[in-house]
Amino acid sequence: MVALARLRPVLAAVEPAVGLQVLSTGDAAIFTAIASRMVDSGGAGFPKVSETQTIHVIDQTLLVIDPSLQSQVRWLLKIVQYCPPVVIRRLSTFTSLSDAEQDDVLRAWSRSNYEIGRLGFRALKNLSMLGYYSQDVVWPFIHYRGPWAPRARKAARLAP
């Protein structure tokens, strides 16, 4: 989890493949809900996480890390999905909660008394931010004009 919490972009060297490579569709749905709460800017016009390639960028990032870390991310997503009865005393899954209740769950993770909980939160936040803000489509909304030096970028061939 420490490695995931410190993960840096390595996307320039990775050509996105079609479909998800590391995450299952269920994992992707959970991560979409998490990332949607993590990057909620509140700003008008920002594209929603579900309208971007955020999860595919995260999936491609996970593809280049150690398989044991990939497994930890998948387990972390399952733990977050089924933790609301313990964390906020609500008999529900994370993806079935309201936005405010999802925020409560994530806030509890960020303030956990256990270091592993806080590391898990940081890993999810780091991956969410990396996946969302590394996309050209988001840059105009944060007033970033892109890198000064042109870089070679391969066109993403991702399934819709």
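How many helices and strands are there in the chain? Seven helices and zero strands; helices (H or I, at least four residues) and strands (E, at least two) are DSSP runs, numbered from the N terminus. This is a predicted model, where local features need pLDDT of at least 70, side-chain atom pairs count only at pLDDT 80 or more, and totals for chains, interfaces and linings use all residues. Residues are numbered from 1 along each chain as its sequence is written, and side-chain values use heavy atoms, with hydrogens and water left out.

**Whole chain.** Color by burial. Of the 160 residues, 41% are buried (buried is under 20% relative accessible area, exposed over 50%, partly exposed in between; 1.4 Å probe, protein chains only).

**Stop 1: Asp27 and Lys78.** Select this salt bridge, with its closest N and O atoms 3.1 Å apart (a side-chain nitrogen of Lys or Arg within 4 Å of a carboxyl oxygen of Asp or Glu). Asp27 sits in helix 2 (residues 25-38) and Lys78 in helix 4, so the pair ties together parts 51 residues apart in sequence. Asp27 is buried at 3%; Lys78 is partly exposed at 33%.

**Stop 2: Arg37 and Asp99.** Here the N to O distance is 3.6 Å. Arg37 belongs to helix 2 and Asp99 to helix 6 (residues 99-110), 62 residues apart. Arg37 is buried at 18%, while Asp99 is partly exposed at 46%.

**Stop 3: Asp104 and Arg107.** Stay in helix 6, where these two lie three residues apart, about one turn.

**Last stop: Val64.** Go to the loop between helix 3 (54-63) and helix 4 (67-82). Val64 is partly exposed at 44%.
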